[in-house]
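Student: I have a model open and would like to go through it with you. Could we begin with the strands and then turn to the ligand?

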Amino acid sequence: MNAIVDTASPSPLVLVREDLRDFAGYRSARSDRMRGDVWLNANESPWPNLSDRDGVLRRYPDPQPQVLCDALATLYGCAPEQLLVGRGSDECIDVLVRAICRPGGDAIIVNTPTFGMYAVNARLHGTRIVDIPLRERDGEWRCDFNAVTEAALTQGVRLVFLCSPGNPTGALLPQGEIIALAQRLQSRALVVVDEAYIEFADAPSATRLIDTQRNIVVLRTLSKAHALAGARIGSVIADAQLIEVLRRCQAPYPLPAACVDEALRALAPHAALQTRTRIAQVRGERDRLVQQLAGSPGIRRAYPSHGNFVLVRFDDAQAALERLLAAGVVVRDMRATPGLEDALRISLGTPEQNALVASILHGGTA
Ligand code: PMP
């Protein structure tokens, strides 16, 4: 941790695509903060749809509702200006790639096996993908930070996507290494730490680093620990100037009003308490399932996980998949991923569902 610097690092704005630095984006009907009682500036319907009991859906929503931004900033421990809300962290990844990487020129770094959307967005945007695979030894996954630095500095990389806890590995990345990497890549690349599963880990978030190390960007989501995948609420947390640029690169009205309402309800104090209870339960279930599976016949390895899922290698993954499916249990087949040709990823379910999985994989017939 002694790598934390006292003074702030240089502005990350130099990393924004040069042609987008003064890009105004689309000026939507909600961009201008005007006052009035008769709103006739957005070609909306003057009457609500019959299904719209509150009459709010006839209006375009606020692009970045202040109450939601404030609530998320409090939740994540940053300033509201350091946060952009999007349609899940999926959209946040997309906006980052589009704002930072010049199509046909720049590159991103990923560490496979990892979340597939970094590469998908890069591909769609005409951006090269440099893979520095995670290394696995004795059941531990490690990122080769030296190789990442070297590749970033020599291969035109503008974005480094780190996933911690990693999907599908469940492994945490050491924060000291993340800081050191960001320092080495200062003014050269943004280091994006995807913390979709951090609530399930016993580790501090990288959000506390962005004040001093301004090329660190953090992704968070309400889809996992907050049980709101259907509401599609994700956040980018980054330097305030960078957030301002990302906002201009985003779709005009990214957040459906109903989803914003749901998210606000889910962040109210009594719901937050329930969220903590759910997280504790998932963590307990996860550690128990790993232990149970680790001792089961036909299982090569069940990796300890800091997420809400467990990665498992099998002697015969096909047979395991078939046994699970025969009992109606659907898990993620990882076998098409290089290095994981014998693996399945199992999300934690309710205690009953986890017990069912354990019994099936332990050779039972359940
Ligand atoms: N990051 C990681 C590591 C994920 O696993 C996922 C979803 N599986 C996402 C981001 C996207 O999450 P969402 O768009 O629902 O916020």
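**Strands, ligand and backbone**

Tutor: E6 and strand E7 (residues 190–194) pair in the parallel sense over five bridges. Two strands count as paired if DSSP finds at least two bridges between them. Within this pairing, phenylalanine 161 stands opposite valine 192 in E7. The chain passes from E6 through helix H5 (residues 175–184) to E7 in a right-handed β-α-β crossover. Right-handed means that, with the strands pointing away from the viewer, the path from the first strand over the helix to the second runs clockwise.

Student: What kind of model is this, and how are residues numbered?

Tutor: This is a predicted model, in which local features need pLDDT of at least 70 and side-chain atom pairs count only at pLDDT 80 or more, while totals for chains, interfaces and linings use all residues. Residues are numbered from 1 along each chain as its sequence is written, and side-chain values use heavy atoms, with hydrogens and water left out.

Student: Back to E6: how many of its residues are buried?

Tutor: Seven of the seven residues of strand E6 (residues 157–163) are buried. Buried means under 20% relative accessible area, exposed over 50%, and partly exposed in between, with a 1.4 Å probe and protein chains only.

Student: Which strand do three bridges join to E6?

Tutor: That is strand E2 (residues 107–110), which runs parallel to E6. There, alanine 107 has valine 157 of E6 as its bridge partner.

Student: Now the ligand. Which residues come nearest?

Tutor: Ser89, Asp194, Thr221, Ser223 and Arg232 come nearest among the 13 residues around the ligand; a residue belongs there if one of its heavy atoms lies within 4 Å. The shell divides into four nonpolar, five polar and four charged residues. In this scheme Ala, Val, Leu, Ile, Met, Phe, Trp, Tyr, Cys and Pro are nonpolar, Asp, Glu, Lys and Arg are charged, and the others, Gly among them, are polar. Helix H2 (residues 88–100) gives the most to the shell, with three residues.

Student: Which ligand atom is 2.6 Å from serine 89?

Tutor: An oxygen atom of the ligand is 2.6 Å from a polar backbone atom of serine 89. A polar side-chain atom of tyrosine 197 is 2.7 Å from a ligand oxygen atom, and one of lysine 224 is 3.0 Å from a ligand nitrogen atom. The protein covers 91% of the 400 Å² of accessible area that the ligand has on its own, by the Shrake-Rupley method with a 1.4 Å probe.

Student: Is threonine 221 buried or exposed?

Tutor: Threonine 221 is buried, at 2% relative accessible area, and is part of strand E8 (residues 216–221). Its side chain reaches the backbone nitrogen of serine 223 at 2.9 Å.

Student: And what is phi for arginine 232?

Tutor: Phi of arginine 232 is near 55°, a positive value in a residue other than glycine. Arginine 232 lies in the loop between E8 and strand E9 (233–237) and is partly exposed at 30% relative accessibility.

Student: Where are cis peptide bonds found?

Tutor: One joins threonine 112 and proline 113, with omega about -5°. Another runs from serine 164 to proline 165, with omega near -5°. Proline 165 sits in the loop between E6 and H5.

Methods:
A polar contact is a pair of N or O atoms within 3.5 Å; within protein, one must be able to donate a hydrogen and the other to accept it, and residues adjacent in sequence count only if both atoms are side-chain atoms. Helices (H or I, at least four residues) and strands (E, at least two) are DSSP runs, numbered from the N terminus.
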